[in-house]
Structure formats: structure tokens, C-alpha cells
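Subject: Structure handover

Hello,

Here is the structure for you to look over. My notes on it follow below.

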Amino acid sequence: MSVDRLLAEARARLVRLKPLEAAEAVREGARLVDTRPEYQRRADGDIPGAIVIERNHLEWRLDPHGGFRIPEATDHHVRWIVICDEGYSSSLAAASLRALGLVNATDVIGGFQEWRAAGLPVSRGAAPVRPRLAPYDGR
């Protein structure tokens, strides 16, 4: 197994979205999850309204039955759209979410770079948005 084959198999299980399609899905209620590390968000900016969860915490934050979930992780039918920098790690992440039972998980073709190239909103604050780290305890 090569990483290229792993990626191809992951993408074969997804209905991937172009950036404009992803933005429309978010307007319709989908949740955009930005998994880019802090250094990339610091360099390039944040996507307004995106939930920032760095890749190493993703499954724990989105598992609706997990003790470390975020409030938005209410059930297995939430439409999660994962975005990374160029659309590679987001495909693997979305496939992992699907394996976890999150049936509507997908990702953005071309990632943040294509999002920005499409003229979609990007914000630049004094510091990047902080990742969602605090566990959700159900209260």
C-alpha cells in the first residue's frame, strides 16, 4: 500500500466538494472544520466561521459519543466538511470520520489554497483562531 493508493481509496468513499460548493453547504447548515496547523493559519489567515480543530484531535472532537466532543457533534448525521491546506490530509481525515460512522463527512477539493483562490472569505486577525481543545461534558 502506498500513500497515493491510500488517498485514492479514501477519496473513492467521499463526495468531495469544490470550494464554492462547500461554502454553499455551510450556508445550508454544514459545519466547516479547518484542520490546518497554527503556523499555516498564522501565515494565510482563517476562514470566518470555521471550527478550528487540528488534525491530531479531530476524531475525539467530532465523535458524538465521545467524552471529548465539541457541542456541535450531536449525532452521526452532522454534515462535516474538512478543509486542510491543499486537500490531501483532509481527504484522509474525512475518510477516518466516515469510518467512525459520521456518514456525511467529506472534504474540500484543493483545500484552503483553492478556497482563497475562489475569492471566498478569509480573515486575518492579530493571532489565528484558537483550536477547539476543551472537552464537552454535556452540560
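The lining of the largest pocket divides into eight nonpolar residues, one polar and one charged. Here Ala, Val, Leu, Ile, Met, Phe, Trp, Tyr, Cys and Pro count as nonpolar, Asp, Glu, Lys and Arg as charged, and the others, Gly among them, as polar.

A word on the source. This is a predicted model, where local features need pLDDT of at least 70, side-chain atom pairs count only at pLDDT 80 or more, and totals for chains, interfaces and linings use all residues. Numbering starts from 1 along each chain as its sequence is written, and side-chain values use heavy atoms, with hydrogens and water left out.

Back to the pocket. The lining includes Ala23, Val26, Arg27, Trp115 and Pro121. Helix α2 (residues 19-27) gives the largest share, three residues. The volume is about 150 Å³. A pocket is an open set of points on a 1 Å grid over the protein atoms alone, where a 1.4 Å probe fits, with protein on both sides within 12 Å along at least five of seven lines; lining residues have an atom within 4 Å of a point. Points join across faces, edges and corners, and the volume is the space filled by probe spheres set on them.

Now the sheet. It is open, with four strands in the order β2-β1-β3-β4 and parallel pairing. β2 and β4 (106-107) are at the edges with a single partner strand each, so one side of each has no neighbour in the sheet. Strands (E, at least two residues) and helices (H or I, at least four) are DSSP runs, numbered from the N terminus. Pairing takes at least two DSSP bridges.

β1 (residues 31-34) has four bridges to β3 (residues 80-83) and two to β2 (residues 51-52). Val33 has Val82 as its bridge partner in β3, and Ile51 stands opposite Val33 in β2.

One last contact. Arg36 lies over the face of Phe112, 3.9 Å from the ring centre. The test is NZ of Lys or CZ of Arg within 6 Å of the ring centre and within 35 degrees of the ring normal.

Best wishes
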